[in-house]
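Hello,

Here is the structure we spoke about handing over. My notes on it follow below.

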Amino acid sequence: MSSSLAIQEAQVGVPNPDTATSLNNLGMLYRDQSRYAEAEPLLQRAVMICQVSFGVEHDSCCLI
(Lines give C-alpha, C1' and ligand atoms only; values in the text may rest on other atoms or scores of the structure.)
Protein backbone atom coordinates (compact mmCIF):
# COMPACT_ATOMS: atom_id res chain seq x y z
CA MET A 1 0.00 0.00 0.00
CA SER A 2 2.88 2.40 0.64
CA SER A 3 3.91 2.15 -3.03
CA SER A 4 0.43 3.22 -4.11
CA LEU A 5 0.74 6.16 -1.71
CA ALA A 6 4.00 7.17 -3.38
CA ILE A 7 2.35 7.01 -6.81
CA GLN A 8 -0.58 9.10 -5.60
CA GLU A 9 1.72 11.73 -4.09
CA ALA A 10 3.62 11.94 -7.39
CA GLN A 11 0.41 12.34 -9.41
CA VAL A 12 -1.66 14.72 -7.30
CA GLY A 13 1.04 16.23 -5.14
CA VAL A 14 1.22 17.17 -1.50
CA PRO A 15 -0.70 18.73 0.16
CA ASN A 16 -3.81 17.17 -1.27
CA PRO A 17 -6.91 16.00 0.64
CA ASP A 18 -6.89 12.68 -1.22
CA THR A 19 -3.31 12.10 -0.12
CA ALA A 20 -4.34 12.90 3.46
CA THR A 21 -7.04 10.24 3.24
CA SER A 22 -4.56 7.66 1.97
CA LEU A 23 -2.06 8.57 4.69
CA ASN A 24 -4.80 8.26 7.30
CA ASN A 25 -5.93 4.88 5.97
CA LEU A 26 -2.41 3.47 5.95
CA GLY A 27 -1.72 4.92 9.39
CA MET A 28 -4.87 3.35 10.80
CA LEU A 29 -3.94 0.00 9.26
CA TYR A 30 -0.53 0.17 10.93
CA ARG A 31 -2.19 1.19 14.21
CA ASP A 32 -4.54 -1.79 14.03
CA GLN A 33 -1.49 -4.01 13.50
CA SER A 34 0.19 -2.45 16.58
CA ARG A 35 2.85 -0.88 14.33
CA TYR A 36 2.63 2.40 16.23
CA ALA A 37 6.05 3.78 15.29
CA GLU A 38 5.10 3.52 11.61
CA ALA A 39 1.55 4.78 12.10
CA GLU A 40 2.31 7.97 13.99
CA PRO A 41 4.22 9.91 11.29
CA LEU A 42 1.63 9.00 8.66
CA LEU A 43 -1.23 10.18 10.85
CA GLN A 44 0.62 13.36 11.71
CA ARG A 45 1.16 14.10 8.01
CA ALA A 46 -2.52 13.43 7.32
CA VAL A 47 -3.57 15.95 9.98
CA MET A 48 -1.07 18.54 8.70
CA ILE A 49 -2.30 18.21 5.11
CA CYS A 50 -5.91 18.46 6.24
CA GLN A 51 -5.20 21.58 8.26
CA VAL A 52 -3.35 23.21 5.35
CA SER A 53 -6.07 22.26 2.86
CA PHE A 54 -9.16 23.09 4.91
CA GLY A 55 -8.08 25.07 7.97
CA VAL A 56 -7.50 23.96 11.53
CA GLU A 57 -11.15 24.10 12.59
CA HIS A 58 -12.64 22.21 9.62
CA ASP A 59 -14.66 19.10 10.48
CA SER A 60 -12.57 16.90 8.19
CA CYS A 61 -9.50 17.61 10.30
CA CYS A 62 -11.28 16.41 13.41
CA LEU A 63 -12.06 13.05 11.86
CA ILE A 64 -8.44 12.10 11.33
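**What was found**

Ser 34 is a reasonable place to begin: its relative accessible area is 47%, so it counts as partly exposed. Please keep in mind throughout that this is a predicted model.

Ser 34 sits in the loop that links H2 to helix H3 (36-54). Its phi is positive, about 60 degrees, although the residue is not a glycine. As background, most residues other than glycine have a negative phi. In chain order, this residue with its positive phi follows H2.

**Overall make-up**

The protein contains four helices and zero strands, and its elements read α-α-α-α from the N terminus on. Of its 64 residues, 27% are buried. The accessible surface comes to about 4100 Å², and carbon and sulfur atoms account for 54% of that. If we take the contacts between residues at least 6 apart in sequence, 35% of them join residues at least 24 apart.

**Helix H2**

Helix H2 covers residues 17-32, which is 16 residues.

The buried residues in H2 are Thr 19, Ala 20, Ser 22, Leu 23, Asn 24, Leu 26, Gly 27 and Tyr 30. Thr 21 also lies in this helix, but it is partly exposed because its relative accessibility is 44%, between the limits of 20% and 50%. Arg 31, another H2 residue, is partly exposed as well, with a relative accessible area of 37%.

**How H2 meets H3**

What angle do the axes of H2 and H3 make where they cross? They cross at roughly 155 degrees and come within 8 Å. The two helices are therefore roughly antiparallel, since an angle over 145 degrees counts as such. The crossing of H2 past H3 is left-handed.

On the H2 side, the residues that meet H3 include Pro 17, Leu 23, Met 28 and Arg 31. On the H3 side, the residues that meet H2 include Tyr 36, Leu 42, Ile 49, Cys 50 and Phe 54. Several residues that are buried in H2 are also part of this contact, among them Thr 19, Ala 20, Asn 24, Leu 26, Gly 27 and Tyr 30.

Arg 31 touches Tyr 36 and Ala 39, leaving aside residues up to four places away in sequence. Both of those partners belong to the H3 side of the contact with H2.

**C-alpha distances**

- Thr 21 and Leu 43 are 22 residues apart along the chain, and their C-alpha atoms are separated by 9.6 Å.
- Arg 31 and Leu 43 are 12 residues apart along the chain, with a C-alpha separation of 9.6 Å.
- Val 47 and Asn 24 are 23 residues apart along the chain, with their C-alpha atoms separated by 8.2 Å.

Val 47 is located in helix H3. Is it buried, partly exposed or exposed? Val 47 has a relative accessible area of 24%, so it is partly exposed; the limit for buried is under 20%.

Regards

Conventions. Residues are numbered from 1 along each chain as its sequence is written. This is a predicted model: local features need pLDDT of at least 70, side-chain atom pairs count only at pLDDT 80 or more; totals for chains, interfaces and linings use all residues. Side-chain values use heavy atoms; hydrogens and water are left out. The expected span of a helix is 1.5 Å times one less than its number of residues. Buried means under 20% relative accessible area, exposed over 50%, partly exposed in between (1.4 Å probe, protein chains only). Contact means heavy atoms within 4.5 Å. Accessible areas come from the Shrake-Rupley method with a 1.4 Å probe; for residues, only the protein chains shown count as cover. Axes are lines fitted to C-alpha atoms, for helices over the stretch in contact, and angles run from 0 to 180 degrees between N-to-C directions. Angles under 35 degrees count as roughly parallel, over 145 as roughly antiparallel, 65 to 115 as roughly perpendicular and the rest as oblique. A crossing is left-handed if the near helix is turned anticlockwise from the far one by less than a right angle, and right-handed if clockwise.
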